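Please look at the structure below and work through the questions that follow.

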Amino acid sequence: MNHDTIFPWDNDDLIERTYKDKNYKIIKTRAKTKNAIIFFSGNALYYPNIRDVFIDTILNNDRYEWDNIAKNEAIAKHYSLIIFIRDIHKQWYIKGINTELNTQNKLIDFLFEMTKGYNTTLCGNSAGGYMAALAGLKINAERIFTFSGQFDITNKITLQKSPKKDAAENLTYLSLKNLILNSNFSNNIFYFFPANSKDDIEQYNLIKPLNLVVFKFSEEIHGQTLEGRCYPHILTMDSKKIVKLSKIYEGKIIDKIEFSKKVIPISIKLKNFIKNTF
């Protein structure tokens, strides 16, 4: 049997050994706030799906998506608690993240306990965006940022091997539409997606009537929205300001360069100008 063709979904021994690890990371900053942010890795955590890449990316480099974004000074000043989460099976977290937190519900309960007393923001891209939305809705987080996130993964999951029985309870979360409808939380879900990506258009059409705060970017590739330098500023921006920004772009397709000019503070622009000029 060609091992790489089924990696990582068919109980590969390397994956199962790594599944016994925590697969989460917690950082406490020096910020004097009660703000917490949870970053969910997506299915681009490692690629392609072969053992050598997994070993280099996860075992040798202990990669979590969003790690570089979280090092930004703006993030460290705004959030006193930062949590990174990854799904090494790359299956939309239907098997949780490790042998103890082996379902979505157990993971959600864990995150609820870890963030008690905090104003919590959840963030993720693609599969990470799906889990950010699910967990955020379940723990009543203050806000959710989903970049190219899915809201219905029914067809995504069936493309892979069926999940184990220990994850069967999570099949109730294949669609998040009813969760959003019953949450009265749509105004605090900030959804960014590439308006020319077929997969993202399909997901957008599913939740179009739900009154999310939406930003459509003139990109074609799934997962591509903001310029990288914009993320720290969006993730620390006041929610009312984000909603106001969305009204400016309502019904429009956004150019990410033009968007960055509105998002990045003048003080940062001036600092970069001086740095690059003198």
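Q: What is the relative accessible area of Glu202?

A: Glu202 is neither buried nor exposed but partly exposed, where buried means under 20% relative accessible area, exposed over 50% and partly exposed in between, with a 1.4 Å probe and protein chains only. The model is predicted, so that local features need pLDDT of at least 70, side-chain atom pairs count only at pLDDT 80 or more, and totals for chains, interfaces and linings use all residues. Residues are numbered from 1 along each chain as its sequence is written, and side-chain values use heavy atoms, with hydrogens and water left out. The relative accessible area of Glu202 is 40%.

Q: Which residue meets the side chain of Glu202 in a salt bridge?

A: A salt bridge is a side-chain nitrogen of Lys or Arg within 4 Å of a carboxyl oxygen of Asp or Glu, and the one formed by Glu202 has an N to O distance of 2.7 Å. The two partners are 4 residues apart in helix H9 (residues 198-207), which means that about one helical turn separates them; helices (H or I, at least four residues) and strands (E, at least two) are DSSP runs, numbered from the N terminus.

Q: How many salt bridges does a search of the whole structure find?

A: One of them joins Glu113 and Lys116, with the closest N and O atoms 3.3 Å apart; Glu113 is partly exposed at 48% relative accessible area, and Lys116 is partly exposed at 47%. A search of the whole structure gives a count of salt bridges of 12.

Q: Is Glu227, the salt-bridge partner of Arg229, buried or exposed?

A: The side chains of Arg229 and Glu227 meet in a salt bridge, at 3.0 Å from N to O. Arg229 is partly exposed, with a relative accessible area of 48%. Glu227, at 17% relative accessibility, counts as buried.

Q: Why are the buried residues of helix H2 on the same side of H2?

A: In helix H2 (residues 51-60), the buried residues are Val53, Phe54, Thr57 and Ile58. The buried residues of H2 pack against helix H1 (13-18), while the face of H2 turned away from its buried side carries the exposed residues Asp52 and Asn60.

Q: What separation do the C-alpha atoms of Ile254 and Phe217 have?

A: Ile254 is found in the loop between helix H11 (239-248) and helix H12 (256-263), and it is buried, with a relative accessible area of 1%. Leaving aside neighbours within four places in sequence, Ile254 has contacts (heavy atoms within 4.5 Å) with Phe215, Lys216, Phe217, Ser218, Tyr249 and Phe259. Ile254 and Phe217 are 37 residues apart along the chain, and their C-alpha atoms are separated by 4.5 Å.

Q: Which residues are in contact with Ser239, leaving aside its neighbours within four places in sequence?

A: Ser239 lies in helix H11 and counts as buried at 18% relative accessibility. With its neighbours within four places in sequence left aside, the residues in contact with Ser239 are Arg143 and Phe190.
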